[in-house]
Amino acid sequence: MPVDAGSFRQALSQFASGITVVTTRGPGGEPLGLTVSAFCSVSLDPPLVLVSVDERSETHAGFEASGLFGVSVLAEGQDAVSRLFARAGPEKFAALPMATGERGLPLVPGALAHVECEVRSAHPAGDHVLYVGEIVSIAVKAGRPLVYHRSGYRRLSGDAE
């Protein structure tokens with residue numbers, strides 16, 4: 001079967017993923033952020049994570065300007081936050097008062113985990129850039145994650161805490 005955008009999306013929608021909001025600061029210090037499902041661990045020593053950011057995104061410029069990014073792992077019930085940060089524009093920060101991390105990055109209140117990272121490398125990949133960041137600050141709380149599968153938000157069954 002040939003690979004086209006529709007079949008590509010359909011195949012990858014079968015992969016369930018957690019949802020994060022990735023934030024940074026722009027050249028003028030303004031908060032920038034977007035919803036990201038392409039987030040993963042890379043290394044334990046040093047503690048590295050990877051996020052994939054569309055190079056056309058307004059947030060992309062902040063990674064280069066600040067050299068820092070924050071990741072908020074969304075909790076079950078934070079569907080509206082995911083949808084809010086999937087939109088472009090600065091109004092999302094007016095719609096949701098953010099917490100401030102140790103490095104001054106905006107972080108989503110109520111998220112299951114917050115990590116603040118220093119950008120260690122950037123790798124162009126098609127229309128995205130893969131940013132590898134070293135975790136410099138971390139906070140974790142108990143709860144159930146927001147899960148995305150087959151173009152919709154899902155809930156885990158059973159004990160997940």
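So, salt bridges: a search of the whole structure turns up seven of them, where a salt bridge is a side-chain nitrogen of Lys or Arg within 4 Å of a carboxyl oxygen of Asp or Glu. Before I go on, this is a predicted model, so local features need pLDDT of at least 70 and side-chain atom pairs count only at pLDDT 80 or more, while totals for chains, interfaces and linings use all residues. Residues are numbered from 1 along each chain as its sequence is written, and side-chain values use heavy atoms, with hydrogens and water left out.

Okay, the pairs. Aspartate 54 and arginine 56 meet through their side chains in a salt bridge, 2.7 Å from N to O. Arginine 56 is exposed, at 61% relative accessible area. For the record, buried means under 20% relative accessible area, exposed means over 50%, and partly exposed is in between, with a 1.4 Å probe and protein chains only.

Next, lysine 92 and glutamate 58, whose side chains form a salt bridge at 3.7 Å, N to O. That pair links distant parts of the chain, 34 residues apart: lysine 92 sits in helix H4 (residues 91-95) and glutamate 58 in helix H2 (residues 58-66). Helices here are DSSP runs (H or I, at least four residues), strands likewise (E, at least two), and both are numbered from the N terminus. Which end of this pair is buried, and which is partly exposed? Lysine 92 is the buried one, with a relative accessible area of 4%, and glutamate 58 is partly exposed at 35%.

Then there's arginine 120 with glutamate 134, a side-chain salt bridge at 2.9 Å, N to O. Again distant parts of the chain are linked, with arginine 120 in strand E9 (residues 113-125) and glutamate 134 in strand E10 (residues 128-140), 14 residues apart. Salt bridges with shared partners join Arg103, Glu118, Arg120 and Glu134 into one network. Arginine 120 itself is partly exposed, at 45%.

Back to H2. Thr59, His60, Gly62 and Phe63 are buried in that helix. Looking down the axis of H2, the buried residues fall within an arc of 155°, so they line one face of the helix; the arc is taken over the directions from the helix axis to the C-beta atoms. What do they pack against? Strand E2 (20-25), strand E3 (31-36), strand E5 (48-54), strand E6 (68-73), E9 and E10. At the N-terminal end, serine 57 caps H2, with a side-chain oxygen 3.0 Å from the backbone nitrogen of threonine 59. Just after H2, glycine 67 takes a positive phi of about 75°.

One of the strands in that list, E5, holds valine 51. Valine 51 is buried, with a relative accessible area of 0%. Setting aside neighbours within four places in sequence, valine 51 is in contact (heavy atoms within 4.5 Å) with residues including Phe63, Phe69, Val71 and Tyr131.

Over in strand E6 we have serine 72, also with a relative accessible area of 0%, so buried. A polar atom of the serine 72 side chain lies 3.0 Å from the backbone nitrogen of valine 108. Not counting residues up to four places away in sequence, serine 72 touches Val108 and His114, among others.

Most residues other than glycine have a negative phi, and most peptide bonds are trans. Here, the bond from aspartate 45 to proline 46 is cis, with omega near 5°. Proline 46 is in the loop between strand E4 (39-43) and E5. Arginine 150 has a positive phi, near 50°, and lies in the loop between strand E11 (147-149) and strand E12 (152-154). Serine 151, in the loop between E11 and E12, has a positive phi of about 65°. Serine 151 is exposed, at 60%.

A pocket, on a 1 Å grid over the protein atoms alone, is an open set of points where a 1.4 Å probe fits, with protein on both sides within 12 Å along at least five of seven lines, and lining residues have an atom within 4 Å of a point. How many residues line this one? There are 17, and Leu34, Thr35, Asp54, Ser57 and His128 lie nearest the centre. E3 gives the largest share of the lining, four residues.

Terms used: Polar contact = N/O pair within 3.5 Å; in protein donor to acceptor, adjacent residues only side chain to side chain.
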